[in-house]
Amino acid sequence: FAAHWNARCRPRAEGDSPTAVKEPDVSVEPAACLYRPEQHFYVAVTDVEPSALRCVLRYVNHIDPQVTTSSVLHVYRAADKYQIEGLLGVCAAFLDKQADARDVNQVLRFFDTACRLGLQDY
């Protein structure tokens, strides 16, 4: 996700500002590249709900996504998008366990959310 991920970087020279972002110098060997904690690269994920992305990251790091009835379909869509088969199974099992066919409001909410997210499976 970092810019110039395949280029070699230039070591910081004396007097360089630690926050200045410089173009990499491809003539320097990779061993001269140092981790610079003051440089941050951000990736914008605009098509996944923040709560769903937190669940996905929690699943990837801890295998415990902590999905809720309000976020399960958003998490399912994110897992489908990023091809995380285990999380798809967790969401499907959660829906099978939590969905009550007699609760019309809940079924309509799930149906509405699934339609808005473009999920044909649920």
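Author: Helices (H or I, at least four residues) and strands (E, at least two) are DSSP runs, numbered from the N terminus. The model is a predicted one, in which local features need pLDDT of at least 70 and side-chain atom pairs count only at pLDDT 80 or more, while totals for chains, interfaces and linings use all residues. Residues are numbered from 1 along each chain as its sequence is written, and side-chain values use heavy atoms, with hydrogens and water left out.

Reader: What makes helix 1 oblique to helix 2?

Author: Helix 1 (residues 50-62) and helix 2 (residues 72-81) pack at an angle of about 60°, with their axes 8 Å apart. Angles under 35 degrees count as roughly parallel, over 145 as roughly antiparallel, 65 to 115 as roughly perpendicular and the rest as oblique, so helix 1 is oblique to helix 2.

Reader: Which residues of helix 1 and helix 2 meet?

Author: Ala52, Cys55 and Val56 in helix 1 meet His74, Val75 and Ala78 in helix 2, where contact means heavy atoms within 4.5 Å.

Reader: Why is Gln66 called partly exposed?

Author: Gln66, which lies in the loop between helix 1 and helix 2, has a relative accessible area of 49%. Buried means under 20% relative accessible area, exposed over 50%, and partly exposed in between (1.4 Å probe, protein chains only), and therefore Gln66 is partly exposed.

Reader: Why does Gln83 count as exposed?

Author: Gln83, found in the loop between helix 2 and helix 3 (85-98), has 64% relative accessibility and therefore counts as exposed.

Key: Axes are lines fitted to C-alpha atoms, for helices over the stretch in contact, and angles run from 0 to 180 degrees between N-to-C directions.
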